[in-house]
Amino acid sequence: MKKKVAAGIIAGTCVLGLAGGLGYYAVTSPSVPDFSKVESSYKSSDLFLVDRKGQPLQQWRQDLSKRSFLWVKYKDISPDVISAVLLSEDKNFQQHHGVDWKALVASAYQRNFKDSSRGGSTVSMQLLKLLHPRKELWQGFSGKLRQVVAVTALERHWSKEQILEAYLNLVGFRGEARGLSAAVWNMYGQTPRDVSRLDATLLAVLIRSPNADAKQWEKRACWQAPDLCSAFESRIRHANNLKMSTSNEALHLAQRISREGQRGLIQTTLDRDLQNYIQEQITGQIRRLKEQNVNDAAVLVVENATGEVWAYVGGSGALSSAPYVDGVQALRQAGSTLKPFLYATAFEKNLLHADSWIEDSAVDIVFDRGVYKPQNHDRQFYGWVMAKTALGSSLNVPAVKVFKLLNDDSFWNKLKSLNFKNLEDPEHYGPALALGVADVTLEDLTLAYRSLARDGYFGPMKWQPQETLPSSQSVFTVESAKEVRMILTENQNRALGFGLDSALALSGAAVKTGTSKDMRDNWCVGMNDRFTVGVWVGNFGGEPMWNVMGVTGAAPIWKKTMMWLQEHYPSDEVTLAENEKKRKLKASGLSWSTDSLSPRWNDFGFGPGYSGGQSENAFAG
């Protein structure tokens with residue numbers, strides 16, 4: 001009888017006090033924000049990248065002070081989680097309008113007469129504290145009155161589903177985990193949609209006691225779901241021991257986007273299957289070349305028409321000497337990869353064309369800083385060769401002679417127009433610029449080659465579908481771009497330097513390799529009518545490779561990538577090579593055969609059936 005009287009006195013006091021104070025606290029209570037504003041202002045601690053089809057690529061931690069993942073919608077939360085949380089925190093959630101008066105009175109009684117810390121806050125009241133975390137707002141009797149006013153407004157403006165959705169995205173569960181997504185991932189490696197009743201119970205009881213040890217955690221879970229008690233111990237052990245591994249997919253692009261300040265879920269233009277395939281090819285190639293001091297590689301794939309990035313692999317993952325260095329943006333010496341732009345400049349100026357003859361012989365070039373004596377790598381000269389042979393086989397001396405023939409800064413200006421961002425003044429390089437002594441990035445080089453695929457029009461790339469790119473700019477004439485492209489497409493132009501059966505032989509693809517001084521960098525960049533693929537192989541620390549050239553280091557990765565693209569995304573058009581051969585043969589009235597090789601080729605002994613040739617580095621700068 002005495003307990004009932006005491007409870008009645010407490011209840012009466014609460015009611016009178018609340019009635020007297022509601023008018024005042026209706027003015028001083030914090031405002032209730034719009035649900036949409038709360039959702040839109042939510043910030044994830046992690047960046048989430050998905051590919052063009054929505055497949056997950058990479059999760060990159062940005063905020064080390066907390067762990068909160070993507071906002072999860074109510075419809076994407078397991079019903080078992082909803083049931084378990086309401087059973088633990090607010091049994092009458094669906095019936096009350098923000099305040100559970102019975103629970104509030106029971107809490108006051110327990111605190112005053114039972115020395116218990118039992119709370120009477122509903123889920124709605126707890127959400128208010130998460131939305132307005134200033135503790136002084138809610139302390140004492142006045143704070144409770146203020147809370148009653150505010151929670152009534154919250155229930156009036158928000159639906160029950162919105163309240164639960166916001167609560168489960170904002171509440172802390174354990175340690176640094178804030179929100180259901182982070183807690184489920186950290187403890188079970190799952191998504192909120194997949195949570196079972198067993199795991200939901202363990203999650204729910206953590207809300208009230210997030211720092212409970214294993215025994216306390218199990219005890220609380222058994223109290224809530226006795227029928228599952230025997231399974232809790234092992235599941236708690238699993239949750240405490242789970243170590244989630246970080247995927248290497250699109251790691252470097254995630255770093256790049258994170259530095260730009262973007263957060264949350266980002267859809268990219270990448271193709272996850274292609275990304276994974278390239279990573280496998282890099283891993284295999286690095287392992288094959290490990291004994292030749294090769295540790296790192298990077299690949300970039302860009303669609304010609306749209307500028308969309310289909311693959312962005314910045315390193316060799318666990319095999320890398322510096323796994324977080326982005327090889328797509330790293331500055332490395334260009335080697336022979338700049339030669340196509342040199343020849344395109346000369347073609348545009350009508351100084352020579354593909355069938356022009358250039359003498360590959362010793363020459364002394366006098367310039368401001370002294371006398372330059374270019375040589376092919378094997379220190380041999382091959383006499384008179386056609387321009388298409390000199391470019392296709394990457395001969396050094398003819399390239400320097402073409403540079404001298406220009407006799408101005410036009411080649412350097414073309415490189416600037418192609419957006420090579422780290423060029424020094426022309427005087428810094430002298431004639432050696434023809435052999436690629438400039439430092440470039442794989443990104444800049446790939447986009448420059450893409451301009452050849454687009455008939456001389458240069459444009460930037462993008463990795464988000466909704467991004468709008470600026471208009472492309474014409475750098476080369478259509479004719480000069482096509483001429484260079486066709487030189488790099490026809491395999492016989494490479495026979496002197498690479499033979500007819502090298503890793504560069506691929507129907508319909510134009511390609512060029514390069515090897516920098518001391519074999520510190522390997523390049524292979526090429527295109528078909530739909531994609532441009534750039535590959536770099538070397539060491540991020542700058543150490544030389546041992547007897548690894550572009551054709552043996554980077555080219556195998558390029559060829560396998562291009563073959564994958566041709567298989568999975570074939571073009572509706574006939575290949576570039578076939579188109580050009582048909583055009584030439586139609587004009588000449590001849591039919592194609594290996595006998596149509598230039599007589600000069602036979603002078604070198606490279607007639608039909610030839611498959612030998614010097615290594616690429618014998619001629620590359």
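Me: Before we start, what does "buried" mean here?
Reply: A residue is called buried when its relative accessible area is under 20%, and exposed when that area is over 50%; partly exposed is what lies in between. One thing to keep in mind is that this is a predicted model.

Me: Good. So is Met-519 buried or exposed?
Reply: Met-519 counts as buried, because its relative accessibility of 14% falls under the 20% cut-off.

Me: And where does Met-519 sit?
Reply: You'll find Met-519 in the loop that links strand E16 (510-515) with strand E17 (521-527). Its phi is near 60 degrees, a positive value in a residue that isn't glycine.

Me: Which residue in the turn between E16 and E17 has a positive phi of about 65 degrees?
Reply: That one is Asp-518.

Me: How many bridges join E16 to E17, and do the strands run parallel or antiparallel?
Reply: Six bridges hold E16 and E17 together, and the strands run antiparallel.

Me: How many residues of E16 are buried?
Reply: Six of its six, so E16 is described as mostly covered. In a regular strand, side chains alternate between the two faces of the sheet. For E16, one side carries Ala-510, Lys-512 and Gly-514, the other Val-511, Thr-513 and Thr-515, and all of these are buried.

Me: Switching topic: what about Asp-455, where is that?
Reply: Asp-455 belongs to the loop between helix H19 (442-453) and strand E14 (457-458). Asp-455 also has a positive phi, near 60 degrees, without being a glycine. With a relative accessible area of 23%, Asp-455 is partly exposed.

Me: Now the three-stranded sheet. What is its strand order?
Reply: The order is E2-E1-E5, in an open sheet with mixed pairing. Strand E2 (56-61) and strand E5 (264-267) are the edge strands; each has a single partner, so one side of each lacks a neighbour in the sheet. On average, neighbouring strands of this sheet are turned by 20 degrees against each other, ignoring direction.

Me: How many bridges join E1 to E5?
Reply: There are four bridges between strand E1 (residues 46-50) and E5, and these strands run parallel.

Me: Which residue in E5 stands opposite Leu-49?
Reply: Look for Ile-266, which faces Leu-49 from E5.

How values were computed: Residues numbered from 1 in each chain as written. Predicted model: local features only at pLDDT ≥ 70, side-chain atom pairs only at ≥ 80, totals over all residues. Heavy atoms only, no water. Pairing = 2+ DSSP bridges. Helix = DSSP H or I, 4+ residues; strand = E, 2+ residues; numbered from the N terminus. Axes fitted to C-alpha atoms, helices over the stretch in contact; angles between N-to-C directions. Buried < 20%, exposed > 50% of the residue type's maximum accessible area, 1.4 Å probe, protein only.
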